[in-house]
Amino acid sequence: MLDALTVALSAAALALAAWCGCAAYRDQPTKDWHFIGMAVVTVLALAQLATGIVQLARGEKPDEGSVIFVSYLIGAFAAVPAAGFLSLAERTRWGSATVAAGAVVLAVLEVRLYDIWGG
């Protein structure tokens with residue numbers, strides 16, 4: 001895994017969580033700017049998914065097994081888009097809180113991916 005990409009994705013996810021958490025605190029739903037932030041985080045997660053699959057295809061192996069590694073990669077890629085779709089259904093402060101929670105989940109998944117790879 002690329003450590004720089006993992007750190008960048010974790011930092012972006014935590015920044016998104018703080019941003020949407022502040023919106024939830026101020027009783028605001030997710031806005032267009034939040035969705036742009038979610039798109040940036042999702043693109044970073046897609047880059048990590050592609051990087052992880054390429055490394056597996058080149059023969060590199062994670063310490064804890066390829067199946068669990070790919071499962072975590074897919075979960076990390078899906079965490080923020082799933083929260084974004086849920087926030088579209090809930091157009092209150094709880095939509096923003098859902099995105100904040102999804103971004104925190106992504107940051108935790110990144111730590112776990114780092115451990116699975118052997119960091």
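**Close-up views of a predicted model**

Phe 69 and Trp 117 are both buried in this predicted model.

**View A. The aromatic pair of Phe 69 and Trp 117.** The structure contains one aromatic pair. Phe 69 and Trp 117 make up this pair in a tilted arrangement, with 5.0 Å centre to centre and 45° between the planes. Phe 69 belongs to helix 3 (residues 66–89) and Trp 117 to helix 4, so the pair ties together parts that lie 48 residues apart in sequence. Each of the two residues, Phe 69 and Trp 117, is buried.

**View B. Packing of helix 2 against helix 4.** Helix 2 spans residues 32–57 and helix 4 spans residues 93–117. The two helices pack at an angle of about 20°, and their axes are 13 Å apart. Angles under 35 degrees count as roughly parallel, and helix 2 and helix 4 are therefore roughly parallel to each other. Their crossing is left-handed.

**View C. Residues in the contact of helix 2 with helix 4.** Helix 2 contributes Met 38, Val 41, Gln 48, Gln 55 and Leu 56 to the contact. From helix 4 come Val 99, Leu 106, Glu 110, Leu 113 and Trp 117. By class, the contact residues are seven nonpolar, two polar and one charged.

View D. Thr 42 is located in helix 2. Its relative accessible area is 18%, so Thr 42 is buried, the cut-off being under 20%. Apart from neighbours within four places in sequence, Thr 42 is in contact with Phe 77, Val 80 and Pro 81.

Methods: Residues numbered from 1 in each chain as written. Predicted model: local features only at pLDDT ≥ 70, side-chain atom pairs only at ≥ 80, totals over all residues. Heavy atoms only, no water. Axes fitted to C-alpha atoms, helices over the stretch in contact; angles between N-to-C directions. Helix = DSSP H or I, 4+ residues; strand = E, 2+ residues; numbered from the N terminus. Parallel < 35°, antiparallel > 145°, perpendicular 65-115°, else oblique. Left-handed = near helix turned anticlockwise from the far one by under 90°. Contact = heavy atoms within 4.5 Å. Nonpolar A, V, L, I, M, F, W, Y, C, P; charged D, E, K, R; others polar. Phe/Tyr/Trp six-rings, centres within 6.5 Å; stacked < 30°, edge-to-face > 60°. Buried < 20%, exposed > 50% of the residue type's maximum accessible area, 1.4 Å probe, protein only.
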